[in-house]
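Visitor: I would like a tour of this model, with the cut-offs stated as we go. Could we start with the helices and then move on to the sheets?

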Amino acid sequence: MTTRTPEQLRDALVADIGSWGTFRTGQVEAAFRAVPRHLFLPGVDLETAYAPQVVVTRRAPDGTALSSASQPDLVAAMLEQGEVHPGHRVLEIGTATGINAALLAELTGPTGHVTTIEIDEELAASARSALAAANYDQVEVIHGDGAAGYPDGASYDRIMITAGAWDLAAAWWDQLAPAGRIVVPLRLHGSGLTRSLALDAIEPGRLVSREALVCGFVPLRGVGAHSGRALTLADGVVLRVDDHDPVDEAAVRAAVHSPSHGLWTGLTIHDHEPTAHLDLWLVTADTRFGRLTVDTARHDGRLTPTRRWAGATIHDGTTIAYVTLRPLAPDTDELGVTAHGPRAVTLAAQLTDLLHHWRKEGPTEPVITAHPADTPDDQLPTGHRIDRPNSRLTVSWKP
Ligand SMILES: C[S@@+](CC[C@H](N)C(=O)[O-])C[C@H]1O[C@@H](n2cnc3c(N)ncnc32)[C@H](O)[C@@H]1O
């Protein structure tokens, strides 16, 4: 039981988000101060409604999260990516509780308009009620699949997707205003590696990212759904890989029970360095990439992938090699590599070389460009190519 009022809790949340440096503009901060989150989270106690953490509000029968009030810090960061201004017409996909729609209504003001789409009818109805109760009844809540957008309200200055997307739906391309912006947590690899991208419409048929934030999101459902490929290697040990990479599952399962081959690379990284995109760089180095997660409550601790890059791993179908870290000083770690499987020595050497190469190149910020799926190769920029049903993406690195 809290003794603090919603206003006090809201101030504390805003202070937390502010202390992490997430607010860049007074507008997003003011929107957070204005929106009474607890009205959108009925049945959730006040402290939890204002805690700086995700609140899962719906789960599938197997326990996977289907809907949530996203982590407030990430919501703030994505709103800053959106640079939503008064008068903007905004389409949000993934209403959930309606909290972000209310924040968007604060940012667009009385001269703008917010339309939000939710695939789950019950959630759409409860968000509609909550928005009305909190005096945001100007927000239009549509029950439907966001992959179709909402042509009746087009065009939109901003399209904000708040669930993990595998592709840029054709409707989003069509319904975006010239010089508009899409903010989308895009899954850039079948393992679920996701970046929230702010994609600007530079010219017709060309979107270019201005910023990529590390994040994780429940995946979009409906026609644009993509489930990814998760291999359970042992109790509590899951390897997520790309859809089409060949994997001998029995061999990889045996590999994680085999002795490991580990080494330290001599490469150090400091806490203040911009290393967040090492995992994405490994993807662009044309490796067979994966993400290894270990539930330490269920596994004996022999597998030690670092959580910093969500268990960044390379594999060859039978053997895995993953990135490790050990502390050298309070703000300095050393990169290491551990491999399991019949080709452990070779794969560990390969990952070590890649890490040295990464260090030498020093890539910090990716640039993701998107073109429609029918764009010929010679009209694409150079970089790592990712082809999706509706779009062709390229990932390059800022010099
Ligand atoms: C992480 S929640 C959104 C968070 C939310 N915007 C907030 O204010 O915190 C993702 C939501 O997207 C919804 N969703 C998933 N697929 C969808 C689709 N194809 N179209 C519309 N909504 C979808 C889910 O039901 C879920 O409610």
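**Helices, sheets and a ligand shell**

Visitor: Is the crossing of α1 and α2 left-handed or right-handed?
Guide: Helices (H or I, at least four residues) and strands (E, at least two) are DSSP runs, numbered from the N terminus. A crossing is left-handed if the near helix is turned anticlockwise from the far one by less than a right angle, and right-handed if clockwise. By that test, the crossing of α1 and α2 is right-handed.

Visitor: Which pLDDT do local features need here?
Guide: Residues are numbered from 1 along each chain as its sequence is written. This is a predicted model, where totals for chains, interfaces and linings use all residues, side-chain atom pairs count only at pLDDT 80 or more, and local features need pLDDT of at least 70.

Visitor: At what angle do the axes of α1 and α2 cross?
Guide: Axes are lines fitted to C-alpha atoms, for helices over the stretch in contact, and angles run from 0 to 180 degrees between N-to-C directions. The axes of α1 (residues 6-19) and α2 (residues 26-34) come within 9 Å and cross at roughly 155°. Angles over 145 degrees count as roughly antiparallel, under 35 as roughly parallel, 65 to 115 as roughly perpendicular and the rest as oblique. That makes α1, relative to α2, roughly antiparallel.

Visitor: Which residues of α2 make the contact with α1?
Guide: Two residues are in contact if their C-beta atoms, placed from the backbone, lie within 7 Å. On the α1 side these are Arg10, Leu13, Val14, Ile17 and Gly18. The partners in α2 are Glu29, Phe32 and Arg33.

Visitor: What is the bridge partner of Ile269?
Guide: Eight bridges join β12 to β16 (residues 332-340), and the two strands run antiparallel. Within β16, Ile269 has as its bridge partner Asp333.

Visitor: Which strands are at the edges of the ten-strand sheet?
Guide: The order of this open sheet is β5-β4-β3-β6-β7-β8-β9-β17-β19-β18, with mixed pairing. The strands that pair on one side only are β5 and β18 (384-387).

Visitor: Which element gives the most to the shell around the ligand?
Guide: A residue is near a molecule if its C-beta atom, placed from the backbone, lies within 6 Å of it. There are 28 residues around the ligand, and Ser67, Gly94, Asn100, Gly146 and Gly222 come nearest. Elements giving two or more residues are α5 (99-108), β4 (113-118) and β2 (65-69). With four residues, the element that gives the most is β2.

Definitions and conventions:
Two strands pair if DSSP finds at least two bridges between them.
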